Amino acid sequence: MAESCAWLLVLSTVFVCNLFKVQLPTFSSILSRLLQKDAEQESQMRSDIQSMRQELSSINMMDEFARYARLERQINKMTDKLKTHVKTRTGQLAKVKWVVSIVFYVLQAALMICLIWKYYSEPVILLPSKWIAPLERLVAFPTGIAGGVGITCWLVVCNKVVAVFLYPIS
């Protein structure tokens, strides 16, 4: 019974992997938000800069030059600090996305290798030989059984079909 459902196991595995691949950016964003708690500090810095700019616009430059220059230097200093903070956060976000992608692709490759290893010598599904007559040997690779669909061909077909069905979601 388990051997006759091999095609379904492989298809469902490919479907789940492709579904996770589509959701990878969402997972990365959620994970990066959980790891970064500096967004509140960043918004506070932005509001401080905004309030200082409002105060700066209310000061007459000719009458209170020293105060005006001091406030302008504070705004520039805070803006530079904010830019550095944003650059650091963006770098961390890129690292998180990169790590999540690498982990996903390594796990997906390991899963596909396990499936290929398990179904290397036996066909995933048997079809009448007439249906795949001109490409019979290619489709049966690596099993070599006439009318059989090998794991490599089945993985390629499943990946393409699932990608087409999941295209609207991505």
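Q: Why does Phe27 count as partly exposed?
A: Phe27 has 36% relative accessibility. Buried means under 20% relative accessible area, exposed over 50%, and partly exposed in between (1.4 Å probe, protein chains only). Therefore Phe27 counts as partly exposed. This is a predicted model: local features need pLDDT of at least 70, side-chain atom pairs count only at pLDDT 80 or more, and totals for chains, interfaces and linings use all residues. Residues are numbered from 1 along each chain as its sequence is written, and side-chain values use heavy atoms, with hydrogens and water left out.

Q: What makes Phe20 and Phe27 a tilted aromatic pair?
A: The structure holds 2 aromatic pairs. In the Phe20 and Phe27 pair, the centres are 5.9 Å apart and the planes 45° apart. Rings of Phe, Tyr and Trp (its six-membered ring) pair if their centres lie within 6.5 Å; planes under 30 degrees apart count as stacked, over 60 as edge-to-face and the rest as tilted. So the pair of Phe20 and Phe27 is tilted.

Q: Why is the pair of Phe104 and Tyr105 called edge-to-face?
A: Its planes stand at 70°, with 5.1 Å centre to centre. The angle is over 60, so edge-to-face applies.

Q: Is Phe104 buried or exposed?
A: Phe104 has 12% relative accessibility, so Phe104 counts as buried.

Q: What makes the link between Glu42 and Arg89 a polar contact?
A: Their side chains are joined at 2.8 Å. A polar contact is a pair of N or O atoms within 3.5 Å; within protein, one must be able to donate a hydrogen and the other to accept it, and residues adjacent in sequence count only if both atoms are side-chain atoms. So the 2.8 Å link qualifies.
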